[in-house]
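Q: I would like to learn how to read a structure. Please take me through its features in turn.

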Amino acid sequence: MSQLSLDFTGKVALITGGGSGIGRGFALQLARCGATVAVTDLDGAAAEAVAGEVEALGARSLSAAVDVADAAAVQAAADRTIERFGQLDFVFANAGVLGPAEYLDITPADWDLVLDVNIKGVVHTCRAAVPHLIERQQGRILITASYNGVRAGAHVIPYRVSKAAVLMYTRCLALVLAPHNVTVNAICPGVTLTPMQLAYAEKTAEERGITTEEYLADRAAKIPMQHFTGIEDLTDWRSFSCRTAPG
Ligand SMILES: NC(=O)c1ccc[n+]([C@@H]2O[C@H](COP(=O)([O-])OP(=O)(O)OC[C@H]3O[C@@H](n4cnc5c(N)ncnc54)[C@H](O)[C@@H]3O)[C@@H](O)[C@H]2O)c1
């Protein structure tokens, strides 16, 4: 993984969906840069394991089992982070779910889950931190959207709709918080081989009667640069974005 000479000593970050994939990668990158990282995830054991990795890198951490669809649970995690570490500087609204791929398979419950986690979860996460960031007149919010939020397609429609909504929310919240010296940004990762993406690849390959390796090779060939996004590509970008934080 490439290393940036960024010093986040004294900064405190809260991340959702930090127990796996992109969230875990970013938690570790922040820790390498000296930040304290509160790792939250629906899977409390996964969050705890990543918090352990953060501490093994010499950074302070806490972990919490948090469902981002539950506004009170997200608020409690933000409050606990501020109480324990005295402040919050970076908020990473990262948790997400993919939902069903095929249009005819999608149930009303699927729509509820994807929208509750991917858009309302982002709203709850930001809302839990915003009063504190305004009070301190500084902070950085980073949201994980997706390339699927800007590109139409016949598959994973609730996911695409949720990520498109997240992008509009990002723009609107950025206008609300700009006067308070708080920036709000989203990234739209390309296909990144995390557990979420690998599970999708395995299922799709099985449906098509091909191996997962064949499916992934075909998918990579369709990407203009012909390779998947690396987690370090995303974490480096986000670290750069945080670097502009004042103080
Ligand atoms: N992997 C990709 O190709 C890709 C591309 C674009 C965007 N993304 C986005 O990146 C983010 C991270 O995904 P990933 O690829 O690392 O997947 P992942 O499955 O490896 O990690 C997602 C994490 O979110 C957690 N989570 C799920 N539901 C939750 C909930 N209700 N509350 C709290 N945590 C919850 C999971 O337990 C998991 O640890 C997601 O928002 C996803 O939509 C991923």
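The dialogue below goes through the sheet, a helix pair, the ligand shell and the domains.

A: Two points come before the rest. This is a predicted model, in which local features need pLDDT of at least 70, side-chain atom pairs count only at pLDDT 80 or more, and totals for chains, interfaces and linings use all residues. Residues are numbered from 1 along each chain as its sequence is written.

Q: In what order do the strands of the sheet stand?

A: Helices (H or I, at least four residues) and strands (E, at least two) are DSSP runs, numbered from the N terminus. Two strands pair if DSSP finds at least two bridges between them. Here six strands make an open sheet with parallel pairing, in the order β3-β2-β1-β4-β5-β6. Because β3 (61-65) and β6 (182-187) are at the edges with a single partner strand each, one side of each has no neighbour in the sheet.

Q: Over how many bridges do β1 and β4 pair?

A: Strand β1 (residues 12-15) pairs with strand β4 (residues 90-93) over three bridges, in the parallel sense. I15 is opposite F92 in β4.

Q: How are two packed helices described?

A: The angle between their axes and the distance between the axes are given. Axes are lines fitted to C-alpha atoms, for helices over the stretch in contact, and angles run from 0 to 180 degrees between N-to-C directions. In this model, α3 and α4 pack at about 40°, with their axes 8 Å apart. Residues are in contact if their C-beta atoms, placed from the backbone, lie within 7 Å. The contact is made by A71, V74, Q75, A78 and I82 of α3 with H124, T125, A128, A129 and H132 of α4.

Q: Which residues come nearest to the ligand?

A: A residue is near a molecule if its C-beta atom, placed from the backbone, lies within 6 Å of it. Of the 30 residues around the ligand, G17, S20, G21, G96 and M196 come nearest. The elements giving two or more residues to this shell are α1 (21-32), α4 and α6 (195-208).

Q: Which domains does the chain have?

A: Domain bounds come from an automatic or database domain assignment. For this chain the assignment gives domain 1 (12-191 + 230-243) and domain 2 (193-228). Their centres, taken over C-alpha atoms, are separated by 25 Å. Six residues of domain 1 are in contact with eight residues of domain 2. The ligand shell draws at least three residues from each domain.

Definitions and conventions. Two residues are in contact if their C-beta atoms, placed from the backbone, lie within 7 Å.
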